[in-house]
Amino acid sequence: MVKPLQRRMARICAVALISALTIAVVSCERRPGEPVSRSEMWLGTVTSVVIHDSRFPSDVLDRVFHRVEEIQWRMTINEPDSEVSLVNAAAGENPVRVSPDTFEVIEMSIEYARRTNGAFDPTIGPLVKLWNIGSADERIPTESEIEDVLPRIDYTLIELNRDTFEVYLPVPGMVLDLGGIAKGYAVDEAARILLDAGIQHALVDFGGDVYTIGTRPDGNRWRIGIQDPVNTARGRFVGIVEQTGRSVVSSGDYERFFVEDGVRYHHILDPDTGHPTRNGLVSVTIQAPAAMTSDAVSTGAFVMGLEAGMALVESLPDTEGVFVTDDKEVHLSSGLDGSFRLVEAGGFRLQE
Ligand code: AMP
Ligand code: MG
C-alpha cells in the first residue's frame with residue numbers, strides 16, 4: 001500500500017508544481033505527521049523552515065526563500081552593490097534611495113537605538129570593520145584607531161526622507177551595519193508568508209533567530225532550547241522556553257569571537273568604549289511578538305548589561321528575557337514564569 005500511495009502523492013505534488021507556474025492556488029498533500037523542511041545558506045547562516053501542516057501551497061517554501069534572498073541582497077554589507085552598501089559608499093556625499101524594506105529596517109534600527117540609549121547602534125559599521133571579528137583579518141585595533149572612528153558611530157546623524165525613501169549618512173566614513181537586526185526582519189517576513197498561506201504549525205529558524213507558528217502539531221507549545229553560552233557544544237542548553245506564535249532570539253559572546261592572551265574578543269561591540277562588550281553577561285535571549293524586536297533588543301540589552309537591559313525588557317509590552325552571566329546565573333524577566341525550564345546539567349543557577 002505504501003508504494004502506490006507515495007507514487008500518487010508524488011504525482012499530486014508534480015501536478016501542483018507544474019500548475020504553480022500558471023495558477024496561484026495549488027496545494028500539496030502529505031501524510032499527517034510528516035514535516036516538510038528546507039534549509040539554505042543565507043544571511044551568513046543556515047536558514048531553515050519546517051512545516052508540520054498536512055496541506056499547504058506547494059510554492060510556499062520557494063516564496064519564503066526567494067524573499068530571504070531578496071532581503072540579503074538589499075541589506076548585506078558584504079556585497080558592494082547592496083542597497084546598504086550604496087548608502088555607505090555615498091556617506092558625506094549624497095542621499096541614496098532604497099527599497100521600502102530597507103528603509104523600514106533602518107527606521108526600526110533607529111527606533112531601537114533610541115530605546116536602548118544607543119547601546120544598539122546601526123552605525124556601528126566602522127568599529128565592526130576595525131575589529132573584523134569572525135574574518136581572516138580579525139585583530140585588536142589600537143586605541144587611537146578606535147578613537148578615530150568613535151565620532152562616526154552615532155545613529156542620531158542618520159537622515160531619512162520618508163517621502164522619497166532616501167537615506168543619507170552625512171559624515172564621510174559613516175557605515176551602516178544591520179547585522180544586529182536584519183536576520184530578525186527576514187524571520188518575520190518568512191513567518192508572514194507562511195501565515196498568509198494559512199500554515200498553522202511551523203518553525204522558522206535562521207541561525208538561532210526563531211519564530212514559532214501556532215502550536216506543535218500535537219497542540220502543545222513549541223520548546224526552544226537556549227544555547228549554553230559557556231559549554232557551546234551543540235545541543236547543550238541553559239534552559240528551554242515554551243511558546244506559541246512568537247519569536248525568540250539570543251545574542252551572546254560565544255557566537256563569533258577570537259581569543260588572544262586568554263581574553264575573548266567577540267562580535268557585540270560597545271559603541272561607548274569601542275571594544276567588545278564586557279559587563280559580566282554571556283548571553284541575552286529575548287522573546288517577543290516580532291523577531292526584529294527580539295533581534296535588536298537582544299543585541300542592545302547585551303550591551304546595556306543585566307540591570308539596564310532587564311529594565312528595558314520589563315518596559316516593553318509582551319517582551320520577555322533570559323539573561324545569563326559569566327558566573328552561570330540565570331535571570332528571568334517577570335512574565336516568563338511557567339514558560340522557562342532550567343536544564344539542570346549545565347550547572348546554571350536560577351536567580352529569584
Ligand atoms: P547579534 O548577533 O544579533 O547580536 O548581532 C551582532 C552583529 O550586529 C554584529 O556582528 C555586528 O554586525 C552588529 N553589531 C555589533 N555590535 C552592535 C551594536 N552595539 N549595535 C548594533 N549592531 C551591532
Ligand atoms: Mg541582534
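Is E189 buried or exposed in this structure? E189 is buried, with a relative accessible area of 10%; here buried means under 20% relative accessible area, exposed means over 50%, and partly exposed lies in between, for a 1.4 Å probe and protein chains only.

Before I continue, a note on the basis of these values. This is a predicted model, in which local features need pLDDT of at least 70 and side-chain atom pairs count only at pLDDT 80 or more, while totals for chains, interfaces and linings use all residues. Residues are numbered from 1 along each chain as its sequence is written, chains are lettered from A and ligands numbered from 1 in the order in which they are written, and side-chain values use heavy atoms, with hydrogens and water left out.

My topic is salt bridges, each being a side-chain nitrogen of Lys or Arg within 4 Å of a carboxyl oxygen of Asp or Glu. The structure holds 22 of them.

One of these joins E189 to R67, at 2.9 Å from N to O. The pair links distant parts of the chain, 122 residues apart: E189 lies in helix 7 (residues 182–196) and R67 in helix 2 (residues 60–75). Helices are DSSP runs of H or I with at least four residues, numbered from the N terminus. R67 is also buried, at 11% relative accessibility.

Next, R152 and D148 form a salt bridge of 3.9 Å, N to O. R152 is buried at 18%, whereas D148 is exposed at 52%.

Finally, R216 meets D218 at 2.9 Å, N to O, in another salt bridge. R216 is buried at 18%, and D218 is partly exposed at 49%. Elsewhere, salt bridges that share partners join R67, E70, R74, E83, D101, E189, R192 and D196 into one network.

Key. Helices (H or I, at least four residues) and strands (E, at least two) are DSSP runs, numbered from the N terminus.
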